[in-house]
Amino acid sequence: MAYSERVMDHFANPRNVGELAEANGIGEVGNSKCGDIMRMYIKVEDNVITDVTFKTFGCGAAIATSSMATELIKGKTIDEALKLTNAAVMEALDGLPPVKVHCSVLAEQAIKAAVADYYTRQGIDPTPIVGKIEDCDHHDHCGCGEH
Amino acid sequence: MKRFVYADNAATTPVSQTVLNAMLPYYTEKYGNPSSLYAIGREAKKALEEARANVANHLGALPNEIFFTSGGSEADNWAIKGIAHELAKKGKKHIITSKFEHHAVLHTTEALEKEGFEVTYLEVYENGIVKPEDVEKAIREDTALVTIMYANNEIGTIQPISEIGAICKKHGVLFHTDAVQAVGNIRINVKDENIDLLSLSGHKLHAPKGVGALYVRRGIRLPNLISGGAQERGKRAGTENVAGIVALSVAMDEAYANLEERNERLIRMRDRLIEGASKIERSRLNGDPVKRLPGNFNMCFEGIEGESLLLKLDFAGISASSGSACTSGSLDPSHVLLAIGLPHEIAHGSLRISFSDQNSEEDVDYILEVLPGIVSYLRDISPLWDEIMNQNK
């Protein structure tokens, strides 16, 4: 198992890391039992994600995918951000080892969870817009096929 | 100042200069096949048999009780599968082992379960030590084999081998021990400790990878592993790894020559590292603090994940491990840490540091200088750490 240089770079120098005081949407996915939790903070103005940060408990790939995901959605509209797939996050990182693919799924879901929280705070039901958020439960039934 | 600290000697060790010098001639000048009749063949055969006698001597065994293998995993597989299949003929299809054996043992017993063997996996409790009375309670009429590791590869805990050996002898059950982590770190006498079969590996004690041995007490019937020539008394055919075997023998000489002095030094270093790292809040030592290998440190730091810790330590020049090296390809936390009762979320944050003779007090200083900052950085970006802190309020 080896990480690409991009993954190592984003792990060693994560972009947009920390809390965001002005966040109006916060999403958290994953759980400690699985070994990774991602929390995404977004600031939305006029339907545009003007700022985004993250905090992650997890392996190198989890931290790198969180960092890359924040870069990919910063300055984008909510619609654009919701279209970001885990495959796009992986591609931007020059790939991930097979056992770490679920980290990119978690990054995609963390964005959705943050957007859902934003809509909820606005009094809008997020489910029709964001869809179901796959919160990786524990190994036996998380269905990510990686365990 | 940044330095390079190799602190993963339980994974593998560098070949020592003495060992390298001893083995090299067997590649270039003394390259004969030990089965050949002419002078350089006889020379290789002599080296092979001297190595066998020497390895045997270090274990309190007889030369013809030592069979050279490719390493520890092969020795474990051969011993366990061999004895299981041999004794199954007499209707003995029960094996006793522990929950935290190396995968070379656990995956072997799991394979045997699929063949219809029954396996009892003993508890190892919070301190990571098997209770001899549990072994005795688990022994049945149809028990073929007890296999308990000498020392655990992750948390370094040393098992009560002679007590278990005595129990097995009393009940007429064969006793195998995977002593891969113990050989070279602990003085072992297979006769005194009533060990019937013992696995060892060269690369854990400054010999190269690809050589190991299985001790099999005289009189035990063990099926042949590899069919072919008459090497290893016909039990494991194939031209012998003469250079590797010579290396193993010399490495054992080196390891046992200054054992007490070295262990005293390593224990001092280990305990200072444990003491220093324990100052990090919400940290805990895994495994018994005293009954553990001299160079083994294994601690958990709550709120962080082991792999990111390892990568950060690597950036700082420190090579360490989280769980066993074999575990790193999977996502499950170490079965050893789960066996001693750690919850998943804490088991994910483990760090193993294992010293050898080549480490120094300066290495301990450097690790203690670097580690707290890395743990604190990873906690700063960890939502799990936030949760832990909030619960604590």
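Modeller: A residue is called buried when its relative accessible area is under 20%. The model discussed here is predicted.

Biologist: Is Cys34(A) buried or exposed?

Modeller: The cut-off for a buried residue is under 20% relative accessible area. The relative accessibility of Cys34(A) is 6%, so this residue counts as buried.

Biologist: How many disulfides does the whole structure hold, and how far from Cys59(A) is the nearest cysteine sulfur?

Modeller: A search over all chains finds zero disulfides. Cys59(A) is accordingly in no disulfide, and a disulfide would require two cysteine sulfur atoms within 2.5 Å. The nearest cysteine sulfur belongs to Cys103(A), at a distance of 3.8 Å.

Biologist: Which strands form the edges of the open three-stranded sheet of chain A?

Modeller: The strand order in this antiparallel sheet of chain A is E1-E2-E3. E1(A) and strand E2 (36-45) of chain A are joined by seven bridges. An edge strand pairs on one side only, and this applies to E1 (25-31) and E3 (48-57) of chain A.

Biologist: What angle does helix H2 of chain A make with E3(A)?

Modeller: Within the sheet, the average twist from one strand to the next is 15 degrees. Helix H2 (residues 60-73) of chain A packs on this sheet and touches both E2 and E3 of chain A. The direction of the helix and that of E3(A) make an angle of about 175 degrees.

Biologist: What area do chain A and chain B bury between them?

Modeller: The size of an interface is often given as the accessible area lost when the parts come together. Here 30 residues of chain A contact 25 residues of chain B. Carbon and sulfur atoms account for 64% of the buried area, which is about 2200 Å².

Biologist: Which residue stands opposite Ser98(B) in E4(B)?

Modeller: Strand E3 (residues 94-98) of chain B has five of its five residues buried. Ser98(B) points the same way from E3(B) as His94(B) and Ile96(B), while Ile95(B) and Thr97(B) point the other way. E3(B) runs parallel to strand E4 (residues 118-122) of chain B, with five bridges joining them. In E4(B), the residue opposite Ser98(B) is Leu122(B).

Notes:
Residues numbered from 1 in each chain as written. Chains lettered and ligands numbered in written order. Predicted model: local features only at pLDDT ≥ 70, side-chain atom pairs only at ≥ 80, totals over all residues. Heavy atoms only, no water. Buried < 20%, exposed > 50% of the residue type's maximum accessible area, 1.4 Å probe, protein only. Pairing = 2+ DSSP bridges. Helix = DSSP H or I, 4+ residues; strand = E, 2+ residues; numbered from the N terminus. Axes fitted to C-alpha atoms, helices over the stretch in contact; angles between N-to-C directions. Contact = heavy atoms within 4.5 Å. Buried area = accessible area lost by both parts, 1.4 Å probe.
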